[in-house]
Amino acid sequence: QSHPPFLLRALVLSPMLLVAQSQAFQFTSRRWLNLQEYQSKKLMSDYGVRVQRFFVADSANEALQADKRLNAKEIVLKAQILAGGRGKGVFNSGLKGGLAEQMIGYNLATKQTPKGGVKVNKVIVAEALDIARETYLAILMDRSCNGPMLVGSPQGGVDIEELVASNPELIFKEQIGIFEGIKDSQAQRMAENLGFLGPLKNQAADQIKKLYNVFLKVDPSQVEVNPFSETPEGQVVCFDAKINFDDNAEFPQKNIFAMDNKSENEPIENEAARYDLKHIGLDGNIACFVNGAGLAMATCDIIFLNGGKPANFLDLGGSVKEAQVYQAFKLLTADPKVEAILLSIFGGIVNCAIIANGITKACRELELKVPMMVRLEGTNVQEAQSILSSSGLPITSTIDLEDAARKAVDNVSKK
């Protein structure tokens with residue numbers, strides 16, 4: 001769903017969530033809005049950035065009509081899914097690129113998708129342009145300098161992640177002043193570092209400044225172009241585009257966030273989002289029911305360290321209401337993988353008594369059939385423990401997170 005974070009981002013950003021050391025599961029945070037390539041290109045084109053002429057099609061017939069409208073010597077078809085490495089991907093139709101009827105409606109598997117791939121619902125039908133040379137360019141929010149960072153490499157393309165690890169000296173960065181904006185000298189220097197020569201250097205610098213204008217106008221966390229290339233005819237063109245947003249941009253950029261159709265999300269994630277809950281699916285059998293991403297990661301790790309595997313984690317966030325707790329339990333109990341639930345809440349902003357009332361209501365109405373371990377700390381924890389102990393429900397209270405994890409693993413192991 002999702003777009004995995006790029007390794008290059010790790011050069012300049014602290015990670016949104018620390019990845020657990022366990023090799024038993026993988027997940028991708030859904031905090032980011034990731035636009036499809038065609039959406040990103042449309043935004044960039046609106047601000048004067050040069051992209052290929054293209055149309056979007058969701059059927060083979062529409063692709064044929066788009067080809068006629070382009071009236072180009074040659075066209076290229078690009079599958080629209082939220083994953084990189086599509087050029088090296090394989091369709092479950094057996095196709096490795098080329099025909100719309102063997103792309104639309106089939107799954108495309110790349111190194112950034114689940115094993116079974118992701119279903120392609122749309123393709124870009126674009127004018128094909130020759131590429132003389134590929135480079136990489138991105139503008140990111142960098143926490144270390146509390147502002148934007150321009151990042152580039154003279155070697156772009158599908159293997160950019162490997163380049164970061166093998167040749168870090170080929171990664172160039174320019175810190176952009178949040179008040180001054182990008183300077184002509186910075187754009188020129190980056191264009192030169194990317195290997196653009198003669199008239200192409202000025203042209204590339206102009207495109208870099210226009211990309212920064214996009215960054216200012218639409219409030220993204222990242223604008224990435226790979227490849228940022230030159231053609232044999234002497235044009236600098238953005239051949240691919242990814243624009244990502246975090247939740248802070250939703251209020252000022254409602255039109256952009258309305259583009260997110262969530263078609264690549266798991267249904268349970270979309271259902272959780274309806275109640276302002278964050279759900280991330282894993283591959284174990286112990287559900288983690290927590291408040292806060294840091295606690296979620298700690299809970300996943302401690303389950304693993306005690307010999308278990310998390311089935312998911314579901315984050316209640318800060319301002320929790322009783323109805324949310326009920327809906328959260330409804331989601332967890334509907335997951336056939338879940339054989340036990342570990343609920344770990346630290347009541348700072350959250351009132352533990354509200355959580356306890358939600359737990360007892362959910363257990364009674366949903367007739368909870370899997371064991372549940374509860375660890376509560378913080379605001380009104382004594383009242384919460386009293387509510388749970390007097391409920392008459394089969395809920396196991398625990399001393400601390402370690403105790404909760406151990407008991408959850410023991411309950412699953414007995415089955």
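Biologist: Where is Asn380 found, and does Asn380 count as buried, partly exposed or exposed?

Modeller: Asn380 is found in the loop between β18 and α12 (381–389). The model is predicted, and in it the relative accessibility of Asn380 is 34%. Buried requires under 20% and exposed over 50%, so Asn380 counts as partly exposed.

Biologist: What is the phi of Asn380?

Modeller: Asn380 is not a glycine.

Biologist: Which residues does a cis peptide bond join, and in which strand does Pro227 lie?

Modeller: The cis bond joins Asn226 and Pro227, with omega of about 15°. Pro227 lies in a strand that covers residues 222–230, namely β11.

Biologist: How are α5 and α6 oriented to each other?

Modeller: Helix α5 (residues 184–193) and helix α6 (residues 199–218) have axes 8 Å apart and pack at about 120°. Roughly perpendicular ends at 115 degrees and roughly antiparallel needs over 145, so α5 is oblique to α6.

Biologist: Which hand does the crossing of α5 and α6 have, and how does the contact divide by class?

Modeller: α5 passes α6 in a right-handed crossing. On α5 the contact uses Asp184, Ala187, Gln188, Met190, Ala191 and Glu192, and on α6 it uses Lys201, Asn202, Ala204, Ala205, Ile208 and Lys209. By class, these residues divide into 4 charged, 2 polar and 6 nonpolar.

Biologist: What is the orientation of α9 relative to α13?

Modeller: The axes of helix α9 (residues 293–305) and helix α13 (residues 401–413) come within 9 Å and cross at roughly 50°. Roughly parallel needs an angle under 35 degrees and roughly perpendicular starts at 65, so α9 is oblique to α13.

Biologist: How many nonpolar residues are in the contact of α9 with α13?

Modeller: The crossing of α9 over α13 is right-handed. Leu295, Thr299, Ile302 and Ile303 of α9 make the contact with Leu401, Glu402, Ala405 and Val409 of α13. The classes are 1 charged, 1 polar and, for nonpolar, 6.

Biologist: Where does Gly294 lie, and what is its relative accessible area?

Modeller: Gly294 lies in helix α9. Its C-alpha atom is 10.0 Å from that of Asp315, 21 residues apart along the chain. Gly294 is exposed because its relative accessible area is 55%.

Biologist: How do α10 and α11 cross, and how many charged residues does their contact have?

Modeller: The axes of helix α10 (residues 322–333) and helix α11 (residues 352–366) come within 8 Å and cross at roughly 45°, and the two are therefore oblique to each other. The crossing is right-handed. Glu322, Val325, Tyr326, Phe329, Lys330 and Thr333 in α10 meet residues of α11 including Ile354, Asn357, Lys361 and Glu365. The contact has 8 nonpolar and 3 polar residues, and the charged ones number 4.

Biologist: Which residues is Met259 in contact with, leaving aside neighbours within four places in sequence?

Modeller: Met259 is found in the loop between α7 (254–257) and α8 (267–274), and at 30% relative accessibility it counts as partly exposed. Its C-alpha atom is separated by 9.1 Å from that of Gln36, 223 residues apart along the chain. With neighbours within four places left aside, the contacts of Met259 are Leu35 and Gln39.

Biologist: What percentage of residues in the protein chain is buried?

Modeller: The protein chain has 13 helices and 19 strands. Of the 415 residues, the buried ones make up 51%.

Technical notes. Residues are numbered from 1 along each chain as its sequence is written. This is a predicted model: local features need pLDDT of at least 70, side-chain atom pairs count only at pLDDT 80 or more; totals for chains, interfaces and linings use all residues. Side-chain values use heavy atoms; hydrogens and water are left out. Axes are lines fitted to C-alpha atoms, for helices over the stretch in contact, and angles run from 0 to 180 degrees between N-to-C directions. Helices (H or I, at least four residues) and strands (E, at least two) are DSSP runs, numbered from the N terminus. A crossing is left-handed if the near helix is turned anticlockwise from the far one by less than a right angle, and right-handed if clockwise. Contact means heavy atoms within 4.5 Å. Ala, Val, Leu, Ile, Met, Phe, Trp, Tyr, Cys and Pro count as nonpolar, Asp, Glu, Lys and Arg as charged, and the others, Gly among them, as polar. Buried means under 20% relative accessible area, exposed over 50%, partly exposed in between (1.4 Å probe, protein chains only).
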